[in-house]
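User: I would like to learn how to read features off a model. Please take me through them one at a time.

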Amino acid sequence: MRIFAIHAGSVTEKLGTTLEELRLPAPGFLWLSCTRAEFEQMQHRLQATLQRLCGLQLLNLHVSDLLNQQLPSRFDYTSQYDMLVFRRLAESQVDAALAPAAPRTNKRSGPPLLRRIDTRAVGLVVFDQLLLSVHPDDCSQRDSYAQRLLAAGGNPAPAALPEGHTAGARDLPGSPADLMLRIVNHMVDGFLALRRELSHQLDHWQTELIDPKTRFTNWRTVLDARQTLHQLDEICDDQRSAIQDWIEAVKTWPQSEGHLGQQERDLLQVRSRDVLEHIDRVVHHVSQLQRNAETAVQIHFNAQSHRTNEIMRTLTVLTAVFLPLNLIAGIFGMNFDFIPLLHRAYGFWLAMATMGLTALALVVFFWRKRYLDRSAAR
């Protein structure tokens, strides 16, 4: 468990401090961050600490929600605290999204596998002077934001920031709700970074589908990609609903006395709308990728249908050219004693010349009608 005290424009990590020794800073607030396994082991101590610091405990139903790994993004509230469950990307997919794109070579490879979107539930409980966050066992995103928070508070980062993250936030959060929105925004940035990987993979498939020289057979992967995009759309829809419920709950908060209280409320509204706008950007991009994938598949089948029509037209022309020749050959192959030109010395050559002129005339006719032209030439 990591404990941070944010007060007076500074951030202090309470190293070696037990839950029983914690005190609320005045002014300021605490951030208690733990993994789901730690929360399950220490829930009685945490409940006692919340009772001592905030005067209340978490409801049993909310404790079950925080321990549930499969819970979708949702928002719930009581008269004393608010709880937000938000699903973020797994660490492996965040690292893949932030990694630099692999250089493209001239040699074309098979379509890359679009992995199933794997997410983890993060629970955030907002009190007046305390934020409790429950993370999955892989807490690198929590640790990276903690480093940014320490750097913004004038403390040196304990370790190097992961590649793709900026050094330090622009300012310090002014309340637990503000800190919660910053953490959520940090998680949404992982979905925004995932757009590059999704776009690169779907662009590869579009090239494979449209290229007439290739025979695309990896339809199972395309179906998996469609399911993945649909799953990502559902995840973002749950996230959007949770943030919208949070925004509506903030509007019902009692008016704070003084200019600073109103300014904090306005800041929360602005940050909440900013998080919602980031989620909408992810949803818009996912919808665009779905349309692009559907369009590429339709273009592929249209191209295959056009190619089939070209082949059938060529075969039809060849049939039309050889049909009169078969008729002439069939007439001279009849079992009659008296057929014109049959017993003449030049009869064979006259029949061959007639067949050749007929075939040539039909080829010229079809060429003038552009039945023998290639579509690319036209």
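User: Start with strand pairing. Which residue in E2 stands opposite His-7?

Analyst: This is a predicted model. In it, Ser-10 of E2 is the residue facing His-7. The two strands involved are E1, residues 2–7, and E2, residues 10–13. They run antiparallel and pair over four bridges.

User: How many residues lie between the strands of that hairpin, and which one takes a positive phi?

Analyst: Two residues separate E1 from E2, and Ala-8 has the positive phi, near 50°.

User: What is the general idea for side chains on a strand?

Analyst: Along a regular strand, side chains alternate between the two faces of the sheet.

User: Now salt bridges. How many does a search of the whole structure find?

Analyst: The search gives 12. The general idea is a Lys or Arg side-chain nitrogen within 4 Å of an Asp or Glu carboxyl oxygen. Take Arg-2 and Glu-13: their closest N and O atoms are 2.9 Å apart, so the pair passes that cut-off. Arg-2 sits in strand E1 and Glu-13 in strand E2, 11 residues apart, and the pair links these distant parts of the chain.

User: Is Arg-2 buried or exposed?

Analyst: Buried means under 20% relative accessible area. Arg-2 has 17%, so it counts as buried.

User: Which residues are linked with Arg-2 in a network of salt bridges?

Analyst: Glu-13, Arg-142 and Asp-143 join Arg-2 in that network. Within it, Asp-143 bridges to Arg-142, with 2.8 Å between the closest N and O atoms. Arg-142 is buried at 10% relative accessible area. Asp-143 is partly exposed at 24%.

User: What does Arg-240 form a salt bridge with?

Analyst: The partner is Asp-280, and the closest N and O atoms are 3.2 Å apart.

User: Next, aromatic pairs. How many are found in the whole structure?

Analyst: Eight. Two numbers describe a pair: the distance between ring centres and the angle between planes. For Tyr-81 and Phe-127 these are 5.3 Å and 40°, and the pair is tilted. The angle is the reason: planes under 30 degrees apart would be stacked and over 60 edge-to-face, so 40° falls to tilted.

User: Where do Tyr-81 and Phe-127 lie?

Analyst: Tyr-81 is in the loop between strands E4 (74–77) and E5 (82–89). Phe-127 is in the loop between E6 (119–126) and E7 (130–135), so the pair ties together parts 46 residues apart in sequence. Tyr-81 is buried, at 3% relative accessible area. Phe-127 is buried too, at 4%.

User: Which residues form one aromatic cluster?

Analyst: Phe-75, Tyr-77, Trp-246 and Trp-253.

User: Now contacts. What is Met-187 in contact with, leaving aside its neighbours within four places in sequence?

Analyst: With Phe-86, Arg-88, Val-122 and Gln-141. Met-187 lies in helix H5, residues 176–210. It is buried, at 4% relative accessibility. Look at Arg-88: it is 99 residues from Met-187 in sequence, yet their C-alpha atoms are 5.6 Å apart.

User: And Gln-269: which helix is it in?

Analyst: Helix H7, residues 259–332. Gln-269 is buried at 13% relative accessible area. Beyond its neighbours within four places in sequence, its contacts are Ile-247, Val-250 and Lys-251.

User: Which residues form a nonpolar patch on the surface?

Analyst: Ile-311, Met-312, Leu-315, Leu-318 and Phe-322, with about 480 Å² of accessible area together. Leu-315 belongs to helix H7. It is partly exposed, at 45% relative accessible area.

User: Last, the totals. How many helices and strands does the protein have?

Analyst: Eight helices and seven strands. Of its 378 residues, 41% count as buried. The protein exposes about 21,700 Å², with carbon and sulfur atoms supplying 55% of that area. Among contacts with a separation of 6 or more, 72% come from residues 24 or more positions apart.

Terms used. Residues numbered from 1 in each chain as written. Predicted model: local features only at pLDDT ≥ 70, side-chain atom pairs only at ≥ 80, totals over all residues. Heavy atoms only, no water. Buried < 20%, exposed > 50% of the residue type's maximum accessible area, 1.4 Å probe, protein only. Contact = heavy atoms within 4.5 Å. Phe/Tyr/Trp six-rings, centres within 6.5 Å; stacked < 30°, edge-to-face > 60°. Pairing = 2+ DSSP bridges. Patch = residues over 30% accessible without salt bridge, like charges linked within 9 Å, V, L, I, M, F, W, Y side chains within 5 Å. Areas by Shrake-Rupley, 256 points an atom, 1.4 Å probe, with all protein chains shown as cover.
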